[in-house]
Amino acid sequence: MKTVKCLVWDLDDTLWDGVVLEGDRPRPFPAALETLHALDERGILHAVAGRGELARAAGHLAEHGLAELFCAVEVGWGEKSAAIRRIAAELNIGLDTIAFADNDPAECAEVTAALPMVRCYPAERVGELAGLAEFRPELVTGESRRRRHRYLAERSRAAAERAFPGSPPEFLASLGLTMTVRAATEADFDRAHELTLRTHQLNTTGRTLDAARLRELCAAEDHEVLVADVTDRFGAHGTVGLAVLRHDGADVVLELLLTSCRVLNRGIGTVLLGHLVRDVLARGRRPVARFVPTEANRIMLVTLRFAGFEPAGEGTLTFAPGRPPPAVPAHVRIVDGRNR
């Protein structure tokens, strides 16, 4: 069973005791508050799919200091299943990682019928949710605990992009993106492991690496384990990239490259790959990459090919001899923090 990434809440008689649109000023249920905060500490997001008027519901959330706990808010009169679909799209997560809590059995039945992959819970069980296995991620890192803040920053980015008068490339340039590439340390291992568990589309081999294995690779003289942190004018994206390099004579082999899906539309995977290729070429060595196809990662093969890699045998690509290195991106400032 997949771990829940987002719990979607009904509001009236689920999060709080009463109906805002009927003039009530209901207080949140204590058990609901405990669950909200417990799941938030684990990096599980919260969203709203409620009935009523958005402005009044949002105002009541703000009145109780809860507005910043919700990364997406859908309040209206349409089907709850449609609201959940929009939430999944906005947060860029799979419907099979969403759970839904509502006091009305008919609403739960509608969601179950339309979206059988969404797990539904009656409101009276809200206080139990933090104790269920599906709400207990395998890893809870500092990065996990900041997940909500990153999504809220992304919401601000999206609003700024909608209001931006120029082209998409001009908006990217306006973000002030900075990518810092550095050697992984002990403090990074849990987050790096989490990235390998959560990243499927943007992973060149589909490999998962636990903290013990990452520690071994960092200690090996012929390996480098690198992480990439990204920030922009709205805040930190956090650690969103991982690369494992193996030094083999005149070759530097990219054993693994992955970037978080949440920075896909910022081109960070291409930026990181290009930086690594330019660095290897500047040292007079040949870039080689491993690629293992999975059901989801074809986009990484396309990324490697566009960067100048050509097939050279099963699971191996080499950078084309004589080809110029990938261009330095205009929209991202790159800082290489390795001590060499």
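Guide: One term comes up throughout: a residue is buried under 20% relative accessible area and exposed over 50%, with partly exposed in between. Keep in mind that this is a predicted model.

Visitor: Which exposed residues does the face of α1 turned away from its buried side carry?
Guide: Start with the buried residues of α1: Ala-32, Thr-35, Leu-36, Leu-39 and Asp-40. They cover an arc of only 125° around the axis, so they sit on the same side of α1. The face turned away from that side carries the exposed residues Pro-30 and Glu-34.

Visitor: What do the buried residues of α1 pack against?
Guide: Both strands and helices are involved. The strand partners are β1 (6–9) and β2 (45–51). The helix partners are α5 (142–145) and α6 (147–163).

Visitor: How far apart are the end C-alpha atoms of α1?
Guide: Helix α1 has 12 residues, 30–41. At 1.5 Å a residue, α1 should therefore span 16 Å.

Visitor: Which residue with positive phi follows α1?
Guide: Look just past the helix. The phi there is near 85°. The residue is Gly-43.

Visitor: Is Cys-120 buried, partly exposed or exposed?
Guide: Cys-120 lies in strand β5, residues 119–122. Its relative accessibility is 23%. Buried needs a value under 20%, and exposed one over 50%. Cys-120 therefore counts as partly exposed.

Visitor: What is Cys-120 in contact with, leaving aside its neighbours within four places in sequence?
Guide: Contact here means heavy atoms within 4.5 Å. By that cut-off, Cys-120 has these partners: Phe-100, Cys-108, Val-111 and Thr-112.

Visitor: How far apart in space are Cys-120 and Ala-320?
Guide: In sequence they are 200 residues apart. In space, C-alpha to C-alpha, the distance is 52 Å.

Visitor: How far apart are the end C-alpha atoms of residues 179–335?
Guide: An unreviewed UniProt entry annotates this span as "domain: N-acetyltransferase". In the model the span is 28% helix and 34% strand. Its end C-alpha atoms lie 6 Å apart.

Visitor: What radius of gyration does the chain have?
Guide: The chain holds 11 helices and 13 strands. Its C-alpha atoms fill a box of roughly 70 × 45 × 35 Å along the principal axes. A compact globule of 340 residues would have a radius of gyration near 20 Å. The chain agrees with that, at 22 Å.

Visitor: What percentage of the residues count as buried?
Guide: The chain exposes about 15,600 Å², with carbon and sulfur atoms supplying 53% of that area. Of its 340 residues, the buried share is 50%.

Definitions and conventions:
Residues are numbered from 1 along each chain as its sequence is written. This is a predicted model: local features need pLDDT of at least 70, side-chain atom pairs count only at pLDDT 80 or more; totals for chains, interfaces and linings use all residues. Side-chain values use heavy atoms; hydrogens and water are left out. Helices (H or I, at least four residues) and strands (E, at least two) are DSSP runs, numbered from the N terminus. Buried means under 20% relative accessible area, exposed over 50%, partly exposed in between (1.4 Å probe, protein chains only). UniProt positions are given in the numbering used here, feature names are shortened, and annotations may be inferred rather than shown by experiment. The expected span of a helix is 1.5 Å times one less than its number of residues. The arc is that of the directions from the helix axis to the C-beta atoms. The radius of gyration is taken over C-alpha atoms; the globule rule is 2.2 Å times the number of residues to the power 0.38. Accessible areas come from the Shrake-Rupley method with a 1.4 Å probe; for residues, only the protein chains shown count as cover.
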